[in-house]
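Subject: Structure handover and findings

Dear colleague,

Please find below the structure that I am handing over to you. My notes on what was found in it follow directly after.

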Amino acid sequence: MIITPNKLYKILLKEFGDLNWWPMDKSYHEKNGSDPRFEVIVGAILTQNTAWSNVEKALINLKSQNMLNIKNIFDVNITELQGLIRPSGFFKQKTKRLKDFTSYLKTRYQGDLDYFFDRDMYTIREELLSLKGIGPETADSIILYAGNLPIFVVDAYTRRICERLPLNTNISYEEIQKFFETELSHNYTKKELTKVYNELHASIVLFAKTYCKKNPECIKCSLKKFCSFKRDLFQ
Ligand code: SF4
């Protein structure tokens with residue numbers, strides 16, 4: 001049986017419901033008058049090469065010092081910031097990335113995320129990709145989850161599921177992204193697509209962590225009837 005991105009979306013939505021990503025602490029931002037979109041940006045940078053549970057520890061540290069806003073990250077000294085984000089790993093490199101990113105937002109956009117995101121999505125993407133340490137997955141996570149703009153995020157979990165089903169065995173990030181976006185954009189309006197990409201990426205991550213792990217739990221998997229990897233495994 002053939003599975004398509006839209007079928008995958010519908011099955012995972014039925015299984016997991018709305019996951020309402022990106023995880024962020026709205027009450028913290030309400031209390032402190034800060035912009036929750038900046039938490040997404042910080043999380044997207046800190047999650048590079050590490051598990052989300054480590055990022056959460058770093059975010060708790062940042063919140064405890066009221067650091068989850070552009071101004072305070074821009075002002076804080078480097079050693080203090082390194083100490084706060086240490087749990088996320090590669091903390092020296094990530095401190096530099098956070099400093100560079102906030103400096104870029106302050107210099108070019110007066111630290112105003114409305115100003116930053118209120119532009120053509122592909123111009124934003126190109127600009128993000130020109131920053132050192134911001135690759136396609138980080139850039140697209142920022143655009144989708146902070147900017148609320150319709151772009152599909154590809155990660156290692158997406159690649160694993162694409163390969164195993166198989167759904168799409170292209171190697172390049174952009175080819176896999178295009179494959180998902182081409183089919184889904186024929187089925188949903190532009191407005192709906194942001195929500196679809198948001199939920200689909202979130203549910204792929206949850207699905208891969210729950211069932212399609214390195215050693216998959218195929219018996220409980222709702223995609224098993226489509227999966228050739230499972231067929232090979234149990235032959
Ligand atoms: S059947 Fe197994 S290998 Fe295939 S998608 Fe499900 S968990 Fe992954």
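This is a predicted model, in which local features need pLDDT of at least 70 and side-chain atom pairs count only at pLDDT 80 or more, while totals for chains, interfaces and linings use all residues. Residues are numbered from 1 along each chain as its sequence is written, and side-chain values use heavy atoms, with hydrogens and water left out.

Helix packing

Two packed helices are described by the angle between their axes and the distance between the axes. Helices here are DSSP runs (H or I, at least four residues), numbered from the N terminus. Axes are lines fitted to C-alpha atoms over the stretch in contact, and angles run from 0 to 180 degrees between N-to-C directions.

Helix 6 (residues 78-85) packs on helix 7 (residues 91-109) at an angle of about 120°, and their axes are 9 Å apart. The two helices are therefore oblique to each other; angles under 35 degrees count as roughly parallel, over 145 as roughly antiparallel, 65 to 115 as roughly perpendicular and the rest as oblique. On the helix 6 side, the contact (heavy atoms within 4.5 Å) is made by Ile78, Leu81, Gln82 and Ile85. Helix 7 contributes Phe91, Lys92, Lys94, Thr95, Leu98 and Lys99. By class, the residues of this contact are five nonpolar, two polar and three charged. In this scheme Ala, Val, Leu, Ile, Met, Phe, Trp, Tyr, Cys and Pro count as nonpolar, Asp, Glu, Lys and Arg as charged, and the others, Gly among them, as polar.

Arg97 is also found in helix 7. Leaving aside neighbours within four places in sequence, Arg97 is in contact with Ile45, Gln48, Lys132 and Gly133.

Met121, Ile124, Arg125, Leu128 and Leu129 of helix 9 meet Pro136, Ala139, Asp140, Ile142 and Ile143 of helix 10. That contact has eight nonpolar, no polar and two charged residues.

Individual residues

Phe180 belongs to helix 12 (residues 173-187). Phe180 counts as buried because its relative accessibility is 0%; buried means under 20% relative accessible area, exposed over 50%, and partly exposed in between (1.4 Å probe, protein chains only). Beyond its neighbours within four places in sequence, Phe180 is in contact with Pro5, Leu8, Phe152, Thr158, Cys162, Leu167, Leu200 and Ile204.

Ser203 lies in helix 13 (residues 190-210) and is buried at 3% relative accessibility. Not counting residues up to four places away in sequence, Ser203 touches Leu12, Phe16 and Leu19.

Phe229, in helix 14 (residues 228-233), is partly exposed, with a relative accessible area of 28%. Outside four places in sequence, Phe229 is in contact with Arg164 and Pro216.

Cysteines

A disulfide is a covalent bond between the sulfur atoms of two cysteines. How many disulfides does a search of the whole structure find? The search finds zero, where a disulfide is a pair of cysteine sulfur atoms within 2.5 Å. Cys221 is buried, with a relative accessible area of 11%, and Cys227 is buried with a value of 11%.

Backbone features

Most residues other than glycine have a negative phi, and most peptide bonds are trans. The peptide bond from Trp21 to Trp22 is cis, with omega near 5°, and Trp22 is found in the loop between helix 1 (5-16) and helix 2 (26-32). The bond from Leu165 to Pro166 is cis, with omega near -10°; Pro166 lies in the loop between helix 11 (156-164) and helix 12.

Asn49 is not a glycine, yet has a positive phi of about 60°. Asn49 is placed in the loop between helix 3 (36-46) and helix 4 (52-64) and is exposed, with a relative accessible area of 65%. Asn148, also not a glycine, has a positive phi of about 55°. The place of Asn148 is in the loop between helix 10 and helix 11, and Asn148 counts as exposed at 54% relative accessibility.

Yours sincerely
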